[in-house]
Amino acid sequence: MQQTVAAAEFLAACALSRVDAVGGFARDGLLSSQEVFTQQLVTGLSNGMIIALIAIGYTMVYGIIELINFAHGDLCMLGAYFALTVVGALGVDQWAGTGGIMGLVLVLVGTAAFCGSLNWSINRLAYRPLRKASKLSLLVSAIGASFILVNLGLFWGGLPMDVFADGTSSAAPKAFPALVSAAPAAQIGDVIYSRTDLLVLCVTLPLMVALTYLVRFTKLGKAMRAVAQNPTGASLMGIDVERVIGASFFIGGSLGGFATVVYSLYNQTVSFQMGYRMGMDAFIAAVLGGIGNLPGAVLGGILIGVIRSMSDGYLEARWTNTVVFGILILILVFRPSGLLGAKLREKV
Amino acid sequence: MIRRTASIVAALTGAAFLLAAVPLNHAQDKPSKTLKIVSSLPQTGSANAQTTSIVNGIKMAIEERGAMVDGFKIEFEAMDDASPQKGNWDGQIESANAKRAIADPAVVGYIGTYNSGAAKISMPLLNKAGLVMVSPGNTAAGLTKPGLGEPNEPAVYRPSGKVSYFRVVPADDIQGAVACEFCRNDLKAKKVFILHDRELYGKGIADVFKKTAEATGVEVVGFEGIDAKASNYRSLVTKIRAAAPDVVFFGGTTQTNAAQVLKDLRAGGAKIPFVSPDGTFEKAFIEAAGKDSVTKEQGGVYITFGGVPSEMLTGIGAKFVKSYQAKYGEIPEAYAVYGYEAGCVLLDAIDRAETKDRAAIIAAVAATKDFNGALGTWSFDENGDTSIRTMSINTIEDGAFKFVRTAGGAAKAK
Amino acid sequence: MAISSKRITINLLLIAAVASIPIIEKFVPLGLHISDPMTDVFVYAILGLGLNILTGFTGLLNLGVAAFAAIGAYVFAISTCEIYPFQLGFWSALGLTMAAGALAGFALGAPTLRVRGDYLAIVTLGFGEIVKDVLVNMDSITKGTQGINPLPPPTLFGHELGGSGQYWLFMAIALLVAVGARSLERSRIGRGWISIREDELASRAMGIRPDHAKMLAFATCASLAALAGALTASRLSSSGEPGNYDFQISILALCIVIVGGIGSVRGVLLGALVMVGMNSIVLVKLTELMGGSDSAPPAALAEAHGLQWAFLFVKTWAQNVLISPTNWKFLVFGLALVLMMIFRPEGILPARGSKEDAPDGDEGAGGVAGGVTGGGVSSVATKELRP
């Protein structure tokens, strides 16, 4: 993990050496149409990668217990509050040089552990008692959990700490300190590649690779695939199904934890209501790619990010949601199980 | 047996219906020594911060008078017109609040609402029932001013034909125009990019801003409604960069992501002034925007506000600021002052009213002349609007609001 | 399936009891104020009953039912409001609204027949977001976030109805819809829906045409949701803003159906009472009980150390947020949902014949709801976590 961030910093430093000074609008601000397109693509990809990482958590849980985990976005929201608390309590934003990178790693890993454990506990308390109940009861339980998490976020924002503005207005959005400067890492023509863009890439890509390895080549991954395919069969083969479910909640949650730190560093704002959109985008991404399918979630996330960005840039921003959902519906009408989803077969 | 039970039940139900049809008004004005004021504001969800400070302001107004006015004990209840499922104002709850207030004979004043959309639901109800309504937050022009909203506004909110709705905040039409003039005169803007949050408040101001800009020869290079729940606006910023405006105006509030728009603007390298209305005139906006994006070097942030900011207040206003600080440990937000002012003007009217019934109190509020309050000395006009037309322009320096100058003023008066 | 006469008596007594609430309120000064929130309960009951037909009977998960309510409210508003040229009366506008709702349901249902299970859920969710956005953005027609007002109040034989009148009218409509849903459930159509929920392929083999049946379910659901939207609009004399019909309302409707007991008409009625009543009665009472709160100046945390610091920290925190009752509403609501599901996973009044003794699927999801969203798709063959 540390290497990853170090690599990010290295890349950023390399890039920085050939940055022009950025002030006001270079060349009277008139970007060429190609530059505009590239810039929108960069923005879309960055946003998309974050969405993808959250979507993986969604899709893992879905793949294993067929639950649309409504609480996942709000779990990420609490993760952001946790990260902000750690930053505030330890003063991570003041750490310079190598310390800064260490701090970033600490926040990333800490938040991932926090989100993973929280997701595991939610599974234990709110979903596990419903294992034998219907899927819809499980769904309502997830909705309930999401409301509880939102309220915890509201409480959390009232902590009398500097980073929460002394907690005087717990519901207001909070600024997340720029641990990674939002300054441009590179500027080619008028296209700005910011350090946060690089950060997104340097955190999300290795995680996706690691996860693929885990699911494909490890014993736990094999067990997860077995449980996803047939829980009864898996348990007959001696797999502890509950443990595997718990593990996937933990892994999905911790990926959400990583994602939420990157999200917070990229947007520099956290609010107790941000979980709704995070969860929604990730949910759409997961479905678009074929829910339960890990590469599908990544593909879906990137697509959603890019579509949003292009629609904001070339159409009107107020129609962006309509465009995203319109494309989603069209794709599902023609490919009813998502882009990479397994073809659904009828019971014979 | 069953049939007999059924017919008895049916007969009872029928009788009950008949009885209920007889109008029964036991909610008559019994002589009571307790009067009640209620507020109806969205306290669950995103507007919680502002509405809490409004409620604090109202409470202070009441406590300052020892909860007694003219020998009558004043009670206060803060009602919530938001539901947890929505996290925002809910028409059904607002309507229920209004009805609850109407049904309680002790209630003589209704302070609310925060959202103009909610006001549209409770205004006709309260007007019909003859209960005075004082709003600390509604700014949609059509609520009071003929000719600025729909053709049937504002008459549609006054089924009784009388004005019973008053507001202590200046409406959008003044603020949008003032903001535009400031951009043209002080910021020397030739090209503006206008963003709004697609809400009643934000879009209303943005529309006025646009109209003023077009009338005064400022080129509008973009007019976009944003998605207030989006995680960031980087793509929009690229679009803004491509249009190269001198100023970005955002019609919206802290809750509809003003701070995020500003941060993305800075992250995208747009070092131009950012102008927004009083929905962002709160400490929470500065906190959310972070110290780096609000500095002058980054282009500067300018915020319009109806009336003068608290630290510029003199007399009663200054006293309010001091006691608020003592009580809550912080400089009051703009919203707190509006709440306080709404409370004060209502209590003042109750004091002046000969009899303490609802009709007399409406008349007393309407007769408010040269009221010496926290926002200055002002009156209600015949539409129920405040006569304050002075707006102030504020900027942010060292993480705090700083007064720049006043704007608007008497030129806009009828 | 003979309805016992005891049941009729109980039902009639219940109806009489509910109908007498406004009267009791009028004569017994207990400060109840529940007839007004109860009127909302009836509206949500209609919404829930509509959703129950699609999700409960037919097994198609719909996360966008609020969109149909929005369509209902706006069609009603545009066809009655004085600023538009149509200005229909209450009842004719209601009829038009239901027709428009059915059309919208048909428009969504027809192209998405192939889409199943959770994929359908997200299509409906997307539809909801699109409708909301269109209503906001087409502001030349819909007035955007302004809302459309005033709207005519409910009338009966030319008389405008006030509080109690509306209560009884809405109650009557809700009852009518409930009885209708109950008889639909037992009719040929309803049995067709249920057979699709249980096993689409088998039902096709039995001569049911799933496509027709599904579209009919979509249209009925949408039509009832539109009715609920129109009734609310008429009651509030305003269409509200499009944001009032967002995803959260769809979720609330779904919770009503599931908490009450999916597939059970009586359950849905009870679900509406519990979910909406919690809002209007329990949460309001909670606020009153906890009383007004006062925040206090922040303590001097900087000077404190050790235990004293911890004490002050917690105290300030409590004063900042915990003390205010409104800050607890999400938690109370969420906790209620989770606990209700854990202790009564089948809902408060589960549909009959949907007990645990039903043959379990592989995922152990037996009963009525087990078929929902799985939607006749063999889960064994297709469920797969693909790296």
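Angles between axes under 35 degrees count as roughly parallel, over 145 as roughly antiparallel, 65 to 115 as roughly perpendicular and the rest as oblique. The model is predicted: local features need pLDDT of at least 70 and side-chain atom pairs count only at pLDDT 80 or more, while totals for chains, interfaces and linings use all residues. Residues are numbered from 1 along each chain as its sequence is written, and chains are lettered from A and ligands numbered from 1 in the order in which they are written.

**View 1. Helices H4 and H5 of chain A cross at roughly 125°.** Helices (H or I, at least four residues) and strands (E, at least two) are DSSP runs, numbered from the N terminus. The axes of H4(A), residues 97–127, and H5(A), residues 135–156, come within 10 Å; axes are lines fitted to C-alpha atoms, for helices over the stretch in contact, and angles run from 0 to 180 degrees between N-to-C directions. H4(A) and H5(A) are therefore oblique to each other. Ile122(A), Ala126(A) and Tyr127(A) of H4(A) meet Leu138(A), Ser141(A) and Ala145(A) of H5(A), where contact means that C-beta atoms, placed from the backbone, lie within 7 Å.

**View 2. Chain B touches chain A.** In this interface, 36 residues of chain B are in contact with 40 residues of chain A. H7(B) gives the largest share of the chain B side, 7 residues. That side divides into 12 nonpolar, 13 polar and 11 charged residues. Here Ala, Val, Leu, Ile, Met, Phe, Trp, Tyr, Cys and Pro count as nonpolar, Asp, Glu, Lys and Arg as charged, and the others, Gly among them, as polar.

**View 3. Six strands of chain B form an open sheet with mixed pairing.** The order is S2-S3-S1-S6-S7-S8, and two strands pair if DSSP finds at least two bridges between them. S2 and S8 (165–167) of chain B stand at the edges, each with a single partner strand, so one side of each has no neighbour in the sheet. S1(B), residues 34–41, runs parallel to S3(B), residues 72–80, with 8 bridges; Lys36(B) has Glu75(B) as its bridge partner. S1(B) is also parallel to S6(B), residues 107–112, through 5 bridges, and there Val38(B) is partnered by Tyr110(B). Helix H3(B), residues 91–103, lies across S1, S3 and S6 of chain B at about 175° to S1(B).

**View 4. S2 and S3 of chain B form a hairpin with 2 residues between the strands.** S2(B), residues 68–69, and S3(B) are antiparallel and share 2 bridges. Val69(B) stands opposite Phe72(B), and Asp70(B) takes a positive phi near 55°.

**View 5. A second open sheet of chain B has 7 strands.** The strands follow the order S10-S9-S11-S12-S13-S16-S17, with mixed pairing. S10 and S17 (400–408) of chain B are the edge strands, each with a single partner, so one side of each is left without a neighbour in the sheet. Ignoring direction, neighbouring strands are turned by 25° against each other on average.

**View 6. Residues 16–31 of chain B have pLDDT below 50.** pLDDT is the predictor's confidence in each residue, from 0 to 100. The mean for chain B is 85, and 90% of its residues reach 70 or more. Beyond near neighbours in sequence, residues 16–31 have 14 contacts in the model. Where pLDDT is low, the predicted coordinates should not be read in detail.

Definitions and conventions. Two residues are in contact if their C-beta atoms, placed from the backbone, lie within 7 Å.
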